[in-house]
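Hi everyone, thanks for making time. I'd like to walk you through one model today, so let me put it up on the screen.

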Amino acid sequence: MNTTPMDTILVVCSDEDYSVNLISSLHDIGANVVGPFASGDVAMAMAAQVSPNLAIFAGEPSGERNAEGLAQELLDTWGVRSLLLDSALSHVGEQPWLPEADTLDRLIDGLAHAEAARTQ
């Protein structure tokens, strides 16, 4: 699967095993990955440097911002949309930073295919 509309993905995750699997799956679908970063401050600094098209949160970042706050700041500052996974979603209400529907569908489909190929 070609991920042209989201070719650079910023990963925010402090779980090494989870991030290895997530990054491997993202590479399998052709995405360029920056991270993983556990710190929200480092993630913001890297977003300024590499201009990611999307951020994926696989847990709460360390630092002053929670996942929701960092996702909102990424959108407001750099126009980066975010997808919050697992525990990062625990207290999130409205999510104005979500990826566009076609981008989200393509990402989910690509990751599902990558996971299926890996388990065969």
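By buried I mean under 20% relative accessible area, with exposed over 50% and partly exposed in between, using a 1.4 Å probe and protein chains only.

Before going on, a word on the ground rules. This is a predicted model, where local features need pLDDT of at least 70 and side-chain atom pairs count only at pLDDT 80 or more, while totals for chains, interfaces and linings use all residues. Residues are numbered from 1 along each chain as its sequence is written, and side-chain values use heavy atoms, leaving out hydrogens and water.

Back to Ser82, which sits in strand S4, residues 81–84. Helices here are DSSP runs of H or I with at least four residues, strands are runs of E with at least two, and both are numbered from the N terminus. Leaving aside residues up to four places away in sequence, Ser82 touches Leu54, Ala55, Phe57, Ala71, Leu74, Trp97, Leu98 and Pro99; touching, or contact, means heavy atoms within 4.5 Å.

What does S4 pair with? Strand S3, residues 54–57, runs parallel to S4, and four bridges join them; pairing takes at least two DSSP bridges between two strands. Ile56 stands opposite Leu83 in S4. Together, S3, H3 and S4 form a right-handed β-α-β unit: with the strands pointing away from the viewer, the path from the first strand over the helix to the second runs clockwise.

Now to helix H2, residues 40–50. Its buried residues are Gly40, Ala43, Met44 and Ala47. Looking down the axis of H2, these fall within an arc of 100°, so they line one face of the helix; the arc is taken from the directions from the helix axis to the C-beta atoms. At the N-terminal end, Ser39 caps H2, with a side-chain oxygen 3.2 Å from the backbone nitrogen of Asp41. After H2 comes Ser51, with a positive phi near 50°.

Finally, the whole chain. It has four helices and four strands, in the order β-α-β-α-β-α-β-α along the sequence. Of the 120 residues in the protein chain, 41% are buried.

Note on methods: A polar contact is a pair of N or O atoms within 3.5 Å; within protein, one must be able to donate a hydrogen and the other to accept it, and residues adjacent in sequence count only if both atoms are side-chain atoms.
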